[in-house]
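Colleague: I would like a close look at a single part of this model, and then a word on its setting. Please keep to what can be read from the coordinates.

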Amino acid sequence: LKLYFGACLDRCLKVYDEKLVLCNSLPWGSKEQGTVAMLVYNPKWDELISAGAGGIKVWCCNVDGKVQVEEDIMEKYSTHAERISWKKKDRVILVKRLELDLPFAKDPKTPDAWVPKLHLNIEMQLLFVFWSANVYVYDIDHKSQQYGSDPKSSNEFSRVGPKWIYKGLHEQPITAVCTVEVPSNSKGGNLVVTGSGDTKVKVWKQEPSGESVTLVRYIGNHTKPVSSIAHHKWSNSVITAALDGTVQMWSLDSFEPMHRAKLTTGVLSLTVVNQHQFFIYTEMEVKIFRLVHMHDTFAQYNSAVVAIANAGEHAILVQSEDGSARLMDTRTAESLSTTVPAFSTQGLSQTIYSRKQRRLFMLLTNGEIHVYCTKTNPSVRKEVWTTTQKEKATCMTLCSSAALGLGGSER
């Protein structure tokens, strides 16, 4: 059973079945509700969160005078589909359970403040509300709230203020938020990923108490405002979309881009469906993307990798931006031998490995060639070859002596 919810201009909540046939039309039961700009479904308690001109409110389903989210009903039914009662027409009314206290709505400068977007962490029951460059976090779990004395009355509800406030996260208004839970045995807190009108995407780490966040990494930017961010938990990555039509997938292990797609029109929203699919919508289209297995993380480095070369059977040679070189076992990702050039103002230009001699040749930008023995880890420098400025080496290659008429070994 699938249901679709729509907030309409007649101040009613429309309920449609999976064939888009209208099943029910429920008045909000609140004169001050106003126009609803966004609906978020909370599957844990089978309730709806509305945001718009009337503020942010949490609504539950009242059937035959009984609120459907009470503990005894939740224990009786095992699945979300079995406990949905939104289709029972005359027997159903909407009950406002919570109303959020919005600090920015009290500001005389923004008396008609609308909240166009929300992010709900279903597992933790935390609702993230973003306004300007700030993020307001609310605890909407039933365990932390109380019902009014009469659940049949739409006038009885709880009002809750923000649990935490994160201020000044971006230079322009925040337009997208995503949360990533880390393992419980991790020393750090959960991650919060934000995007804004300044086109930037930032990763923040929550303190264990949750009261503040610290910037972890700026992972790049689009060319127009970020419109949506979603967590892809199966690959420990986030997918970002923007009004410039770009959709990018970012690894949360290396904070590097994993994949990028470019559409002809701006993306308004993005939702991850499952491990293999996500969908986006633009002004005129809804598109479904399928994620294929792109790669596994082989190894991580503190410095950017600038070159990779074959080093014989089951081995590769990795050259890093910091001037180091490393022999890696392709089967286990184990470091076989690591070498760092002697302190020098010269950078590393090229590396070549001789498997037969087990030697590593490193060409520096000043023309020197440093020769390392890789029988140990770390490698040991054995020789330094120098040339005159006139004969300065600019590149090198490895070839057999037979090809030069000098015998059978490599030169």
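Leaving aside its neighbours within four places in sequence, which residues is Ser 320 in contact with?

Modeller: This is a predicted model. Beyond its neighbours within four places in sequence, Ser 320 touches Tyr 301, Ser 303, Ala 304, Val 305 and Val 306. Ser 320 belongs to strand β26, which covers residues 315-320. Its relative accessibility is 6%, so Ser 320 counts as buried, the limit for that class being under 20%.

For the setting, the chain has 411 residues, and 45% of them are buried. Its secondary structure comprises 32 strands and 2 helices. Of the contacts between residues at least 6 apart in sequence, 45% join residues at least 24 apart. The chain exposes about 22100 Å², and 50% of this comes from carbon and sulfur atoms.

One is nonpolar: Leu 243, Leu 268, Tyr 281 and Val 286 together have about 340 Å² of accessible area. Val 286 sits in strand β24, residues 286-290, and with a relative accessible area of 62% it is exposed. The other is a patch of positive charge, made up of Arg 355, Arg 358, Lys 375 and Lys 382.

Definitions and conventions. Residues are numbered from 1 along each chain as its sequence is written. This is a predicted model: local features need pLDDT of at least 70, side-chain atom pairs count only at pLDDT 80 or more; totals for chains, interfaces and linings use all residues. Side-chain values use heavy atoms; hydrogens and water are left out. Patches are made of residues with over 30% relative accessible area and no salt bridge: like charges are joined within 9 Å, nonpolar side chains (Val, Leu, Ile, Met, Phe, Trp, Tyr) within 5 Å. Accessible areas come from the Shrake-Rupley method with a 1.4 Å probe; for residues, only the protein chains shown count as cover. A salt bridge is a side-chain nitrogen of Lys or Arg within 4 Å of a carboxyl oxygen of Asp or Glu. Lys and Arg count as positive and Asp and Glu as negative; His and the chain ends are not counted. The place of a charge is taken as NZ of Lys, CZ of Arg, CG of Asp or CD of Glu. Helices (H or I, at least four residues) and strands (E, at least two) are DSSP runs, numbered from the N terminus. Buried means under 20% relative accessible area, exposed over 50%, partly exposed in between (1.4 Å probe, protein chains only). Contact means heavy atoms within 4.5 Å.
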